[in-house]
Amino acid sequence: MVKHVEPDKILVKMPSLRAVKSFVAAAKYQNFTRAAEALCVTQAAISRQIRELEAALGVDLFKRAGRAVELTEAGTIFYDAAYLSFVNIAQAADRIKSAHSSKKVLTICCSPAFSALWLSRRLPDFFAANPEIDINVVTTENFLKMEPGVYPDVFINKVTDPREGYRSVPLFHDIIYPVCTPQFLAENPDINTLVGLSDTVLLNLSPYGRAQIAEHVDWSVWFAFYDMQLNKRPRTGKHLFNANDYNMLIQMVLSRQGVSLGWHHLVGPLVDQGLLVRPVEQEVIFKEKLHYLTYTEDKEDNDEFSRFRDWLLSSLS
């Protein structure tokens with residue numbers, strides 16, 4: 001006797017994955033033509049798949065205005081769920097492929113500044129010594145809320161209390177001092193004193209959009225350690241530029257637009273190369289505020305992680 005299986009209600013109700021894939025692309029780019037280019041299909045195919053999906057759901061997913069499209073309320077709800085599902089599927093596929101690949105992969109999560117100013121300079125040495133290991137880098141300023149589907153093996157940040165399933169190794173503490181180019185110092189010799197420094201163009205790291213995991217140090221905080229107040233600067237004086245992108249600030253410093261605070265582990269190599277100089281000798285040291293290497297517990301005895309950890313620690317010594 002043949003045993004019949006009851007229909008799976010979830011799978012039966014599922015719309016066509018091909019149609020959902022077309023919808024997600026169209027919603028992401030808000031343009032059917034760009035969606036078609038991204039999926040390497042025709043624009044007509046995208047339109048047809050979305051019409052079929054709308055018919056299956058019984059609602060309009062887009063408001064159409066010429067070539068541009070905009071999600072309806074129902075479209076927004078469906079996009080959020082569909083995109084998260086595809087992210088999870090893609091992540092699972094990558095992990096499966098990595099597990100059966102000849103190369104092993106470590107996913108590292110750090111700040112954009114650390115990736116650009118520290119990690120990118122040193123990774124060639126790691127790859128040269130470990131050709132069988134690939135590195136994926138995910139950058140964020142908000143380590144407390146990762147994008148859905150992202151599960152790094154390693155974090156490099158200031159989180160003192162590792163999340164469940166992770167362990168931490170202390171790396172280094174912060175040393176913060178002003179930096180500018182030699183040319184900017186030559187053009188503005190008065191900045192070799194704290195008073196002169198406070199009157200020049202200051203490039204300031206703002207806290208906007210940055211996760212408040214540890215203390216935020218900007219020019220006001222830094223000068224306060226030397227009993228100086230920036231709010232007493234004359235309104236007609238040099239400007240104070242604010243940005244929450246540290247890489248942007250360093251690029252502005254390198255193009256001789258002003259003075260920025262430099263975190264030693266990020267700007268030290270630029271100072272050693274003579275690209276940046278310290279206009280004053282004063283610095284602020286936070287020995288109690290450490291950066292950490294945080295890793296998943298299952299990596300404790302993992303060969304790839306052990307080699308990355310040992311390489312990282314040796315690079316800091």
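C109 has F155 as its bridge partner in β5, and F155 also stands opposite T294 in β10. This is a predicted model, so to speak: local features need pLDDT of at least 70, side-chain atom pairs count only at pLDDT 80 or more, and totals for chains, interfaces and linings use all residues. Residues are numbered from 1 along each chain as its sequence is written, and side-chain values use heavy atoms, with hydrogens and water left out.

**Strands around β5**
- Strand β3 (residues 104–110) runs parallel to β5, joined by three bridges; strands pair if DSSP finds at least two bridges between them.
- β5 and β10 pair in the antiparallel sense, over four bridges.
- From β5 (residues 154–157), V154 and I156 point one way and F155 and N157 the other, and all are buried (under 20% relative accessible area, 1.4 Å probe, protein chains only).
- Strands here are DSSP runs of E, at least two residues, and helices are runs of H or I, at least four, numbered from the N terminus.

- N302 sits in the loop between β10 (284–296) and α12 (303–316), and is buried at a relative accessible area of 19%.
- Its side chain reaches the backbone nitrogen of F305 at 2.8 Å.
- A polar atom of the N302 side chain also lies 3.0 Å from the backbone nitrogen of E304.

**Helices α2 and α4**
- α2 (residues 17–29) and α4 (residues 43–57) pack at an angle of about 110°, axes 8 Å apart.
- That makes α2 roughly perpendicular to α4 (65 to 115 degrees).
- The contact (heavy atoms within 4.5 Å) involves residues including F23 of α2 and L53 of α4.

Conventions
Buried means under 20% relative accessible area, exposed over 50%, partly exposed in between (1.4 Å probe, protein chains only). A polar contact is a pair of N or O atoms within 3.5 Å; within protein, one must be able to donate a hydrogen and the other to accept it, and residues adjacent in sequence count only if both atoms are side-chain atoms. Axes are lines fitted to C-alpha atoms, for helices over the stretch in contact, and angles run from 0 to 180 degrees between N-to-C directions. Angles under 35 degrees count as roughly parallel, over 145 as roughly antiparallel, 65 to 115 as roughly perpendicular and the rest as oblique.
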